Amino acid sequence: MAALESPQPAATTTAMRHAFGNVLSVLILVLIGVLAFSIRLFSVIKYESVIHEFDPYFNYRVTQFLSKNGIYEFWNWFDDRTWYPLGRVIGGTVYPGLTLTAGTIWWVLNSLNIPLSVETVCVFTAPVFSAFASWATYLLTKEVKGSGAGLAAAVLLAMVPSYISRSVAGSYDNEAVAIFALIFTFYLYIKTLNTGSLFYATLNALAYFYMVCSWGGYTFIINLIPMHVLLCIVTGRYSPRLYIAYAPLVVLGTLLAALVPVVGFNAVLTSEHFASFLVFIIIHVVALVYYIKGILTPKMFKVAVTLVVSIGMVVCFIVVAILVALVASSPTGGWSGRSLSLLDPTYASKYIPIIASVSEHQPPTWPSYFMDINVLAFLVPAGIIACFSPLSDSSSFVVLYIVMSVYFSGVMVRLMLVLAPAACIMSGIALSQAFDVFTGSIKYQLGGSSNSTDNAEDTNNAPKDDASAGKTDKGEEIVKERSSKKGKKKEREPADKPSVKSKAKKKALVLPLETSIVALLLLIMLGAFYVIHCVWAAAEAYSAPSIVLTSQSRDGLHVFDDFRESYAWLSHNTDVDDKVASWWDYGYQTTAMANRTVIVDNNTWNNTHIATVGTAMSSPEKAAWEIFNSLDVKYVLVVFGGLIGYPSDDINKFLWMVRIGGGVFPHIKEADYLRDGQYRIDSEATPTMLNCLMYKLSYYRFVETDGKGYDRVRRTEIGKKHFKLTHFEEVFTSHHWMVRIYKLKPARNRIRGRAKKLKSKTTSSGWSSKSEKKNPWV
Amino acid sequence: MMNLSRSVALISLFLLPLLSFSFSVDNPTDRRVLVLLDDLSLKSSHSIFFNNLKSRGFDLDFKLADDSKLALQRYGQYLFDGLIIFAPSTERLGGSLDSKSIADFVDSGRDLILSADTSASDLIRGIATECGVDFDEDSSAMVIDHTSFSVSDVDGDHTLIAADDLVKSDVILGKAKIEAPVLFRGVAHSLNPTNNLVFKVLSASPSAYSANPSSKLSSPPQLTGSAISLVSVMQARNNARVVISGSLQLFSDRSGVQKAGSQNQYEKSGNEQFVTELSKWVFHERGHLKAGSLVHHRVGETDEPAIYRIKDDLEFSVEIYEWSGKSWEPYVANDVQVQFYMMSPYVLKTLSADKKGLFHTSFKVPDVYGVFQFKVEYEKLGYTTLSLSKQIPVRPYRHNEYERFIPTAYPYYGACFTTMAGFFVFSFVYLYHK
């Protein structure tokens, strides 16, 4: 501040301070990158360098294919090992961004003679990209509120638990790179908006392309940016910069998006994209209005306005009518199920059980907000207030971003991930503004008499905290930013004017010294709590790979490696072309780890096929055998947690199988599996439940373990303990009984006659009564 | 081999040279047959049947059904390829045999002739039930037919019936027509119509019924008319063949028959021809097919591809041979079909035979991608079942296999280029005007 105050004598000091600030910023950013990377390595340290969960296994398999066969083969890959017998065109149904990114990294490393395995590259892609995401956050926030806020936001993002949950080492999922792409696209949009540079506009379209390649969440961008543009237009903030920022993005972005096979014509056909086109038209109308206003006299302009407005109304009306007609004519109303469930949170659970069955598609609970963004939830409102003083194009954008992402995160747990960067940006702004005010007051109070505020500020602020360290050059950055909003290009000349003003304002806003110091300490404590929580979350909550489980008990650490044990069994003991049926959760893992053909997998594109498997699992043994046999299934895999108390097993998912199966095959009725609306597997369970395949495969021989058949997940004794399987035979049960594999028995060589069976079953009187009813073959 | 030659030496030395042909996939006719009798006198009373078998090269090993040294297998190897049980009254089999071991014998792909008779034991009934044949529950019931009995029936209770309702299959009963009726005195049985593995070879006439001839009928008989099967065969899924007869006399040496109401006096009953032809079928001298592997390739190529593309033209062929009892002969038929199958058949084509055993066709892959199968499912009465399948994926077009320029899209191409040119001209004029 002081530097700005006296530009003439202290020109060299200013340059020095700038240089010092920049070097410090770079250093801090490097440290932030290291922090973002290393906080995600807990999973590798605590477990091992392994791919996590379900979807990452598919991405890993695709990356392996890509690195082995090249990009054209990948593009045209028809996978005959999933969704048997339908197969799946991988190249055309997958977002290739992540795979291509990791494949490129692998290729570059290998051509540099750094022989890393594909798996290693995949495991560490997410941490690397979270470092990139922190830097992108810095850039975005810097554009909005100066580099101090940027650094604060970057630090917060580097360790926000919500993002960590999706990007720990091994969590090789689309979101890992998509969040970086999302933030970077927003940064370039703001950058274009602030500079009006066509160069950045082009880069913005390219960043958007990368986002489209990476994640289906790109629709968030293509809806948020038009909303912001509309907001700017409505609030009278239209400018040529806005036009440059928006129009090229829509044109180039849509063209580029259509190049991604999985999007293709959807980029112009589905309603998710219509908002952008509508705003595209509106911005042209508005641009025309401004142009005409410039060339006409005010009187003529009034006439023209009525003309243009009426024409514009008509055009808009027609377009809206066409859109409505288009949307109405398409079967789903033009909206895909996942998008509809965003608008109407109850849509999915009402109509699409397959979407509702995924836990990450459920609305989050309140504690999960505290778990995932922690103290940021309290800082966000302060950040929003800070954005309103003063409101600029860019700060209105981040406000809009936070509002929208809060709404979406309330609909789906998964979209908490989109909220996290917005919350970090807001909190970064709030923190840096608060530090700004407090350190400013301290400085004013301490150096009120003396003129050497520069030194005081430097020595006071630098060693404080990562966040406050960025404060040195932040104060002036903010002033510069604000000024740049008012008198864009001619920054030098009016720069001292508002700074004088702000100085005057500063004096008026000064707080007492003690209050400032206490508040500062409280803020630092808050930050410390956040750091502690984040490290805890990274180390304990979000690092489990879910294919290896551990449990701590009195006699030490237990490791449950049943999944890999069973997949290894499959790959060593079954024929290469054998088909394995399981619930779709385990499809990706089976193809990737056991290399066996599966019937359904986590890419839930065909509801009927999944319903077929669900029906088989909910049918009695014979009917299930027939269904599986018609699909050439050789082995059936079920996951059972009753012995060790692993709660996310197939019995707990079973009601979803019934619902999804019943949605397509109405003879499966959910009510048949419930006793008085309660789902139970004890002796009170319904006969349908006790006779269905899932029950039998899960609890077959279970009573032999403890003599009672006590299920430790459901905390009850099972209903039917002693039974035999007629159409299936057990071939493998893993060490802790978590995975059980059954083989379909071949069709019986002979078909028995009836006589003996009936004789042994019924008494002679029953027999004669049967025969009285003219039994044709006895 | 040691044991084998010992049993051979006991029976007939002149069969020795034939021993080199043992039962196998390539040589499916049975050679070593165990005959279980409940009375050794059956050997002479049924000598025509047994001698006929011997003369066809079978190596018969006669044993009493309750012989305590009976064993079907030793060291996990079956000692016999076929089994004839002519012991209707035996309650327990000797040695290690029981109904389960006989069922296992059939499940191992070996053949069985089982004959029950009036008052058949539960054991025999049990074995028949295992094969899908249900004998009349009433153990004293016999098949009675007051219209088509044999006039040589001296008892007058019309239980020696002259049946001529034979299955119409050249494969099972040979090409020569059986003119004379078949004499039958025994117990009726029925088949479950939903069981597609068993079928009647000899059925009773519509006027037949099953009852105890010595007592008065108190209630309507349970089994009547042509629902009564007299002789049935079963071909298991693994192509093991079983003949089940309700009468032991069927196989005995007997001649001369005159059907009631018929003027035709036959010198000989049809029994001998019937049981001879039936034994040829059951011991795989007839109706045994084998297929080579399924061969397919694109038109104009010879190698089998790993994957097809939609709308590829392909050629498909399969070789099928029939066992004549001595050698494999090309199978000739015009009803062998191939399916191109993915959950349901997308293509169903009849294969054309070239009289040398090669069945061949060509078709276009449908415009659907997925994992298909070539399937040949050949089930014909009397023949062994052929069930072959081969998996082949079908992929969609590659990105560069589509048409590069579509004629109907030329207006759009034109629009693109004129817009580009127009924009260039406009910019030029705008920038350098004045």
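Reader: Which residues in α20(A) meet which ones in α28(A)?
Author: On the α20(A) side they are Phe370(A), Met371(A) and Ile373(A), and they meet Tyr530(A), His533(A), Trp536(A), Ala537(A) and Ala541(A) in α28(A). Contact means heavy atoms within 4.5 Å. Helices here are DSSP runs of H or I with at least four residues, strands are runs of E with at least two, and both are numbered from the N terminus.

Reader: Nonpolar, polar or charged, how do the residues of that contact divide?
Author: Seven are nonpolar, one is polar and none is charged. Ala, Val, Leu, Ile, Met, Phe, Trp, Tyr, Cys and Pro count as nonpolar, Asp, Glu, Lys and Arg as charged, and the others, Gly among them, as polar.

Reader: Before I go on, what are the ground rules?
Author: It's a predicted model, where local features need pLDDT of at least 70, side-chain atom pairs need 80 or more, and totals for chains, interfaces and linings use all residues. Residues are numbered from 1 along each chain as its sequence is written, chains are lettered from A and ligands numbered from 1 in the order written, and side-chain values use heavy atoms, leaving out hydrogens and water.

Reader: Back to those two helices: at what angle do the axes cross?
Author: Roughly 100 degrees, with the axes of α20(A) (366-373) and α28(A) (513-541) coming within 8 Å. So α20(A) and α28(A) are roughly perpendicular, a label for angles of 65 to 115 degrees; under 35 is roughly parallel, over 145 roughly antiparallel and the rest oblique. The axes are lines fitted to C-alpha atoms over the stretch in contact, with angles from 0 to 180 degrees between N-to-C directions.

Reader: And α23(A), how many of its residues are buried?
Author: 27 of its 31, so α23(A) is mostly covered, where buried means under 20% relative accessible area, exposed over 50% and partly exposed in between (1.4 Å probe, protein chains only). α23(A), residues 416-446, reaches 43 Å between its end C-alpha atoms, close to the 45 Å expected. That expected span is 1.5 Å times one less than the number of residues.

Reader: New topic, how many aromatic pairs are there over all chains?
Author: A search of the whole structure finds 62. Rings of Phe, Tyr and Trp (its six-membered ring) pair if their centres lie within 6.5 Å; planes under 30 degrees apart are stacked, over 60 edge-to-face and the rest tilted. Phe58(A) and Tyr588(A) have ring centres 4.5 Å apart and planes at 20 degrees, so that pair is stacked.

Reader: Where do those two sit?
Author: Phe58(A) is in α4 (55-75) and Tyr588(A) in α30 (587-594) of chain A, so to speak distant parts of the chain, 530 residues apart. Both Phe58(A) and Tyr588(A) are buried.

Reader: What about chain B, is Ala116(B) buried or exposed?
Author: Buried, with a relative accessible area of 0%. Ala116(B) is in the loop between β6 (111-115) and α5 (122-130) of chain B. Leaving out residues up to four places away in sequence, Ala116(B) touches several others, including Pro88(B), Phe135(B) and Gly246(B). Gly246(B) is 130 residues from Ala116(B) in sequence, yet 4.9 Å away in space, C-alpha to C-alpha.

Reader: Last one: which helix holds Arg659(A)?
Author: That's α33 (650-664) of chain A. Arg659(A) is partly exposed, at 29% relative accessible area. Beyond its neighbours within four places in sequence, Arg659(A) is in contact with Pro353(A) and Glu670(A).
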